[in-house]
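Please keep the sequence and the structure open while reading.

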Amino acid sequence: MYSPLNNIKMVFNYLMTHRLKLCFLPLSIAIAMQAFHLSTQDLHSFYLYLQKNFTSLTIFSISLILGWTLYIMNRPKPVYLVDFSCYLPPSHLKASVQKIMHHVRVVRESGKWGKTDENDYLMDFVTKILERSGLGQETYVPEGLHCLPIEQTMVGSRKETQEVILGAVDNLFRNTGVSSSDIGILVVNSSTFNPTPSLSTIIVNKYKLRENIKSLNLGGMGCSAGVIAIDVAKSLLQVHRNTYALVVSTENITQNLYVGNNKSMLVTNCLFRVGGAAVLLSNLSKDRKRAKYKLVHTVRVHTGADDRSYGCATQEEDEDGVVGVTLSKDLPMVAARTLKINIATLGPLVLPISEKLLFFVTFLRKKFLNPKIKHYIPDFKLAFEHFCIHAGGRALIDELEKNLHLSPLHVEASRMTLHRFGNTSSSSIWYELAYTEAKGRMKKGDRTWQIALGSGFKCNSCVWVALRNVKPSANNPWEDCLNKYPVEIDI
């Protein structure tokens, strides 16, 4: 809707963003005009002045060069995202809502799933969650859960995770041409599946990574662990120069299917699906030319010191001894509070000066003039062109769209990822970025905000800037279905 206030705000933002250029222009004109009127005598006088103060000028120049050299040597190394790859499961693992519900009924009737007097009620509950979840009819379920009876074994869990990880990493190496021997840092995150040997060791063994590899395996950190892994890799790339970092994000569905009767624990069965992503980061200067993005900011917020935050999503046994993840009634409140802290931390780093001034002026008016004035909500659309909101569920996307005043286009990548792939946990933000690339929307200079929430409770953000007009890489997970999207989702 047209609003004169929006036009005024845009003009104000433009003036504040380009304030230095606008101030420098008249100064440059004044200097040029003054130089135009210089005489030969003026130039000769200036030459004599330089001769008399040659020693002082030499010391000053050497100090300036030395200071600049020290700054260049000690400044943080830029971190580039060379490329990334999202795993696309084989088509025989697709499962529609109808197929899932039929499978669950058969498993329950066979006695392999705990029976209860409220069996029909629980089935209706799961059906309603699935129908309202925002998930489509082509999400992926691991092979062991397609079987009758279902196979929740360590062998099946390992098979699922290895197929996801190796599928994503194989495609990443093919697309980038980077040799496995060039990888100096490896960070893997999987929240609830952490076998021995570790997932990172599986990668080291498969690709014969070098013996001095800096390898980390992050576990139990929830859906926001993908951003944590990027932040950890960034820190290591500041210490270990001229190398590559491989970051792998995934989650295991086979082991974590809940086969009990607790309603809260059944929710995760309805949302989580197979998926994973591999990301190649570099601190090599030569990679700037071919890299897709440059990492600008990472912001991590952890409110686990608060008991309600700590206990809002917990893996535990139910009353029958069946392991699942319990979601407490405090989850929406905790998520909102943690998200608010993350946004408050990120805002000063990314918002234009115009938004900071408007926020400050509103704060002063509210504090000293009228306490009833509403807090000013900064317009993050002035800071970012693209938003990759963790596809944790329809409600999460709805809430962020509302609170950040985003348009349907801004949250399209998140909604379509949830519809096509479901909640793939920490890797969902990469499927969203792949969607944006596949649609041809990522232009040089565009800024992208990846934001994810997870148990603990944590809210983490990554900010990237595109170094060129980004085209989708080979085997983009959307290439076989892009013409179908976006789809209309009944909400």
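## A hairpin and its strands

Strands S12 and S13 form a hairpin with 3 residues between them, and Gly456 in the turn has a positive phi of about 130°. Helices (H or I, at least four residues) and strands (E, at least two) are DSSP runs, numbered from the N terminus, and two strands pair if DSSP finds at least two bridges between them. This is a predicted model, in which local features need pLDDT of at least 70 and side-chain atom pairs count only at pLDDT 80 or more, while totals for chains, interfaces and linings use all residues. Residues are numbered from 1 along each chain as its sequence is written, and side-chain values use heavy atoms, with hydrogens and water left out.

Strand S12 (residues 447-454) pairs with S13 in the antiparallel sense over 8 bridges, and Leu453 has Cys459 as its bridge partner in S13. Strand S8 (residues 293-302) also pairs with S13 in the antiparallel sense, over 9 bridges, with Asn460 of S13 as the bridge partner of Arg300. Strand S13 (residues 458-466) is mostly covered, since 9 of its 9 residues are buried, where buried means under 20% relative accessible area, exposed over 50%, and partly exposed in between (1.4 Å probe, protein chains only). Lys458, Asn460, Cys462, Trp464 and Ala466 point one way from S13, whereas Cys459, Ser461, Val463 and Val465 point the other way.

## The nonpolar core

A nonpolar core is a set of buried Ala, Val, Leu, Ile, Met, Phe, Trp, Tyr and Cys residues joined through side-chain atoms within 4.5 Å. The largest such core has 125 residues, of which Leu246, Leu281, Trp430 and Trp478 touch the most other members. Helix H10 (residues 225-239) gives the most to this core, with 8 residues. Leaving aside neighbours within four places in sequence, Trp430 is in contact (heavy atoms within 4.5 Å) with residues including Leu81, Phe84, Ile230, Val279 and Trp464.

## Helix H8

Helix H8 (residues 154-176) has 23 residues, which at 1.5 Å a residue should span 33 Å, and the end C-alpha atoms are 33 Å apart, in agreement; the expected span of a helix is 1.5 Å times one less than its number of residues. Among the buried residues of H8 are Val164, Ile165, Leu166, Val169, Leu172 and Phe173. The buried residues of H8 pack against strand S1 (80-86), strand S4 (183-189), helix H9 (199-207), S6 and strand S7 (276-282). Just after H8, Gly177 takes a positive phi of about 75°.

## Two buried residues

Ser249 lies in strand S6 (residues 244-250) and, at 1% relative accessibility, counts as buried. The side chain of Ser249 makes a polar contact with the side chain of Asn189 (2.6 Å); a polar contact is a pair of N or O atoms within 3.5 Å, and within protein one must be able to donate a hydrogen and the other to accept it, while residues adjacent in sequence count only if both atoms are side-chain atoms.

Met442, in the loop between helix H17 (428-438) and S12, is buried, with a relative accessible area of 1%. Leaving aside neighbours within four places in sequence, Met442 is in contact with residues including Tyr293, His386, Leu433 and Ala466.

## Cysteines

A search of the whole structure finds 0 disulfides, a disulfide being a pair of cysteine sulfur atoms within 2.5 Å. For Cys223, the nearest cysteine sulfur, that of Cys312, is 11 Å away.
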